[in-house]
Amino acid sequence: TGSNTSNGTCGGASGQAWFHGATGKRNASLNFDGTDDYVDMNDVAALDIKDTDDMTITGWFNRDLFGSTHTVVAKRNSVGAADPGYLLYILSTDDKMYLELSDGTAGGGDEYSLQSSSSFGSSGWHHFAVVWDQDSAANSEIYIDGVDDNATDTGTIGNVGDTSNAVDFRIGSESDSGNLFDGRLDEIRVYNYVLTTDQIKR
């Protein structure tokens, strides 16, 4: 948001995310204020997860505020099972990281979720890698700081079909601007394949 609307332009002024991104885990980062900051990439079809697609999302986060739900990455408007797409967020009630996907099937949708074992109730940089292997619940996992976090799985992975939708891909908020992130995010990456444990450790 703010004046940083041109491709490749990251100027910024006091109070804007780019200006405050001078210090990050890897050189610069983005500082989200939890009020109106997010990165919007519009509706990019390549970032949809279809029935046979795999995905890995990686990056660094450092929360400033607690007691609120913070969205890290989203191509989905809400956690409602009938809402297709995916959300990666930290929940307000337990400070744990969640990945939720749904194909939006009529009548409630087929939904699958991963819940981290670790909680993040204090400031500090953490690396995350969230792996979605569409045909293997065993390979679908959350890694924190390079270590398998023994995430809790909910749902039947084989029931989740095409999660494609027509909403924007965003960093720092849900696709409809809900549950904005308060803190810093750095090196956010989305891969269209499953990263191995060795790749994540590096």
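In the predicted model, Leu88 of strand β5 (residues 85-90) has Leu99 as its bridge partner in β6, where strands are DSSP runs (E, at least two residues) numbered from the N terminus. The bridge partner of Leu87 in β6 is Glu100. Altogether, six bridges join β5 to β6, and the two run antiparallel; two strands are taken to pair if DSSP finds at least two bridges between them. Five residues lie between the strands of this hairpin, and Asp95 takes a positive phi near 60° there.

Strand β6 (residues 96-102) is mostly covered, with six of its seven residues buried, that is, under 20% relative accessible area with a 1.4 Å probe and protein chains only. β6 also pairs in the antiparallel sense with strand β7 (residues 111-119), over six bridges, and within β7 the bridge partner of Tyr98 is Gln115.

These strands belong to an open sheet of seven strands in the order β2-β12-β4-β5-β6-β7-β11, with antiparallel pairing. Because β2 (39-40) and β11 (152-154) stand at the edges, each with a single partner strand, one side of each is left without a neighbour in the sheet.

Residues are numbered from 1 along each chain as its sequence is written, and side-chain values use heavy atoms, with hydrogens and water left out. As the model is predicted, local features need pLDDT of at least 70 and side-chain atom pairs count only at pLDDT 80 or more, whereas totals for chains, interfaces and linings use all residues.

Technical notes: Buried < 20%, exposed > 50% of the residue type's maximum accessible area, 1.4 Å probe, protein only. Helix = DSSP H or I, 4+ residues; strand = E, 2+ residues; numbered from the N terminus.
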